[in-house]
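Please look over the sequence and the model before reading on.

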Amino acid sequence: MSDHAPPKPYVWRNPLSVWGTASGNNEAPSTRVPDPRDTWQKNTAFKVATYPVGRLKYFLIWPHHGNRTWDRTRWWPTRRNLLHVKGLYNRKTAIPEKKILDRRPIYWVLSLILLAMGPLLFPQTQMNALLTAGATFGIFAAINVCWTLIIGTASIFSLATYAVVGTAAFVTSLLSIRLGLPWYALPPIGACIGLAFGVLIAAPALRLDGFYYALLTLGLNELFRVFFTTSKQFGAASGGLYGADSFISQNWLPLTQSMVAYYASLCLLIAALFLFRFVNGKRLGRILRMAPEKHEAFAAACGVDFKQARITIFLLTSVALGFIGGFYAAQYRGVAYSIFDFQTVLLGLAMITIGGIGRAEGAVLGTLVVIFLRDVLLELGPWRYLIIGSAMLGVVLFLNNGYFGIRRQFNAWRAKKQGEWRSTRTEKGGETLPEEATESNDKDALYFRRFDKVQRDYLKGLITSEAIEEHRRQPLGQHSEGLERILLYFRRAKLEDKYALHRAGPQGPYKIIAFSGVRGVSPRLVDDREFGTLDEAYHAVFMRRVHDLLES
Amino acid sequence: MEIQMSATDENGQIDKDHQVRAHFDRMTRAYLLSVLDDGLIEEHRTSDGAHPSEPLARLLAWCQRRPLSEQYAVKAESDGAFRLVSISGRRGQPPRYIGEARYATLQEARHGVLLRHINDLTEK
């Protein structure tokens, strides 16, 4: 029963009494009917804390008309769209409009333009340091984009990335010094070395699980470090191998040299991003998105050859890493042993972890953060590494997938909180909650549920012993207002599970049945009680409905 | 109510519709007189008119159904007060003022109309 004050008793006079009613139902003790608006207002006023609802997603929307709504700019000569744009009619205003569903290409272009404008924005006093750091950033970001392709897309936990780059750089430097190869020959030769290296370490990737494979590649890294540092040919005494040919002439001004290095590494980064886009965003990437870690068996059962896809990506990436190694040697005129250091591997891991594994933007942002801390904020001293470590620790502890996973994580958290709030509203009573309402297109259904809820709340207050007694005395005919309202509601109920009477013989008895609401499906017997007269049976149905109403 | 029991149409036939209406009206008035009390009038005076009780709703419905010549209307005066007028029911014949009472608000004037109707009801 709802918390209505019981309506005041009074004697209802039958308007038909002056005509002389057949059953003599001239008056009946009844109750005064309260104003339905009170119940309505009480129901629509929220008694619990409410929060802003709806989908908090912002899209760039701009109006269009006619064919322009459906026009798309495409990458020539393909049919691929320039941007993921959707044209539609606004549900509320019926105005055609366009939405950009995926804004990442815009952000990429803006970020790359910002990087290209870097030298204009750097302060003059730190110009040289920043340009050097920028060149390092470009190369490291390119390496990390390739690495994230191995770890994220191909799910191969390889730590030998820097070993591939280092080997390619050392071998090409040696070739350039010994054979006098020009700088433009170094990256292609590096790519061949990368391919050979890739073939060498791809085979175990098929047989070893993640952790053991990581150990193996770490061991390879150490092996190469020891080999190159102890080898006399590779200049064991000088801390590195230098003297290769370069595209940066030593006759240029130091600022020009830094500037060329900066833009060259930026071009390398863009090339790496294109590689990422064409591997991760196309067939190979899609195949592997179907076969994530621990679900390989399922993917294989579906006919996805994930092993071949992984090895293909690994080999492609090794070629790219070898190319970067050759480019590195051509840019810096050689390479230092520090590229094989365990510290370099860990810094690289920090870079891709901070941004989020499996995303190009994550790899680039992580590299930017770490390089900025390591190479620009020099005055912080050893604290820099502590900050990098704590940033990595914080990401691992609190974020699911780096900085770029924050949005999805936040959405998941918000959905969880919404669920909690919904469950706190125990007084819902069949009405749609605002959070659910935003997900439904049929607003009629929402309004009907609200109306029905309020109606039921109101009618619960009208069910009194007087009304039941009045109905018992005369189930059919004119009734007092309260009882009429209750009966009208009962008559309006859906056919599904609606009660009816079944007459066993020509004169009764009667049993209560309920309709199935489905054509061809017979009504079901509700209970075994038999009623001698029709009026008794009507009243029994009424009492059942009253019971259902009070239970709801 | 001036419904003639012997109303005839152009052929001199007795219009039985009129008879039925008159009978119905008599029965309705009998019912209304049986439920009419001070509580009903007080309810109309105090409520905002949105949710009348069943007897009051039937009383108001009867008032609204009366023929035009027996209807009352509220006229807004230039000084902001309201007065009751009676509509003649004939084209070209203007309404005439009923009584001298001037009401400050529309609701009071409407209540005055109801009292007039009740007066007619009880006098019949």
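**Helix pair**

Helices (H or I, at least four residues) and strands (E, at least two) are DSSP runs numbered from the N terminus. This is a predicted model, in which local features need pLDDT of at least 70, side-chain atom pairs count only at pLDDT 80 or more, and totals for chains, interfaces and linings use all residues. Side-chain values use heavy atoms, with hydrogens and water left out; residues are numbered from 1 along each chain as its sequence is written, and chains are lettered from A and ligands numbered from 1 in the order in which they are written.

Packing of the two helices

- Helix α5 (residues 161-179) of chain A packs against helix α11 (residues 306-332) of chain A at about 45°, and their axes are 7 Å apart (axes are lines fitted to C-alpha atoms, for helices over the stretch in contact, and angles run from 0 to 180 degrees between N-to-C directions).
- Contact (heavy atoms within 4.5 Å) involves residues of α5(A) including Val164(A) and Ala168(A), and residues of α11(A) including Leu321(A) and Gly325(A).

Sheet

- Three strands of chain A form an open, antiparallel sheet in the order β8-β9-β10 (two strands pair if DSSP finds at least two bridges between them).
- The edge strands are β8 (499-503) and β10 (524-525) of chain A.
- β8(A) pairs with β9 (residues 510-514) of chain A over 5 bridges, and Tyr499(A) has Ala514(A) in β9(A) as its bridge partner.
- Helix α20 (residues 534-551) of chain A packs on the sheet and touches β8 and β9 of chain A.
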